[in-house]
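Subject: Structure handover

Hello,

Here is the structure you are taking over. My notes follow below it.

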Amino acid sequence: MIRELVLKNRSYRRFKQEESISTETLYDLIELARHCASAANLQPLKYIISNTPERNERIFPATSWAGYLEDWNGPEDGERPSAYIIILGDTTISKNFFCDHGIAAQTILLGAVEKGLGGCMIGSIDRDLLRRNFLIDERYEILLVLALGKPAEKIVLEDVGPEESIKYYRDAEGVHHVPKRRLKDIILEI
Ligand SMILES: Cc1cc2nc3c(=O)[nH]c(=O)nc-3n(C[C@H](O)[C@H](O)[C@H](O)COP(=O)(O)O)c2cc1C
């Protein structure tokens, strides 16, 4: 059910790092993204995959995690993603990627959830570092990093009113809470 998948598809930031993700699985996920909508059907997105400790270590230092959790610096060794997909925009195909990468990213994450995995879109990237670490040619814009793994944290959604905080937080039990605006507050009565 799509609703079930969407609700389960949270931004997971702690994983069972020892549970590896095969190259075939990553290809399957990108195969989903390949069929997504694309502005003018230009399909300018390209992907780099990573699922070995050596490659993953070239990505993790370039990522920033959960800005609202001020006393948490991101996943510790042992709970880090076991794979990544870097989404690039090929500027020789288009200079404007519209929302292609958002659509692709969400599709990949939904596919991951269906496989019992989970992940997080990372837009806060040290792009210079990542470019250097993979010798990514200047023709490619680094758009998003998708961190993937077997989730090792509990996440709950809660509805909030317009005056309440939208900042996610972690409670004393380590449960991650994600506030979402109510339906009646996001559909305009115009
Ligand atoms: C475009 C985009 C960029 C994001 N970048 C980051 C990021 O750099 N680091 C991070 O920890 N989470 C990042 N997130 C995840 C959001 O923080 C997350 O979607 C939000 O807290 C709501 O949680 P949910 O995805 O479980 O609904 C990003 C999400 C989106 C859509």
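First, a definition: a residue is buried under 20% relative accessible area, exposed over 50%, and partly exposed in between (1.4 Å probe, protein chains only). This is a predicted model, in which local features need pLDDT of at least 70, side-chain atom pairs count only at pLDDT 80 or more, and totals for chains, interfaces and linings use all residues. Residues are numbered from 1 along each chain as its sequence is written, and side-chain values use heavy atoms, with hydrogens and water left out.

Cysteines

A disulfide here is a pair of cysteine sulfur atoms within 2.5 Å. The whole structure has zero disulfides. Cysteine 99 is exposed, at 51% relative accessible area. Its closest cysteine sulfur, in cysteine 36, is 11 Å away, so the two are too far apart for a bond. Cysteine 120 is buried, at 3%. For cysteine 120 the closest cysteine sulfur is also in cysteine 36, at 19 Å, again too far for a bond.

Ligand site

Helices (H or I, at least four residues) and strands (E, at least two) are DSSP runs, numbered from the N terminus.

A polar side-chain atom of arginine 10 is 2.7 Å from a ligand oxygen. The side chain of serine 11 places an N or O atom 2.6 Å from a ligand oxygen. A polar backbone atom of methionine 121 lies 3.1 Å from a ligand nitrogen. On its own the ligand has 620 Å² of accessible area (Shrake-Rupley, 1.4 Å probe). The protein covers 68% of that.

Core

A nonpolar core is a set of buried Ala, Val, Leu, Ile, Met, Phe, Trp, Tyr and Cys residues joined through side-chain atoms within 4.5 Å. The largest has 27 residues. Trp65, Ile86, Leu130 and Val145 have the most contacts inside it. Two or more residues each come from β2 (83-90), β3, α5 (127-134) and β4 (140-149). β4 gives the largest share, four residues.

Best wishes

Definitions and conventions:
Polar contact = N/O pair within 3.5 Å; in protein donor to acceptor, adjacent residues only side chain to side chain.
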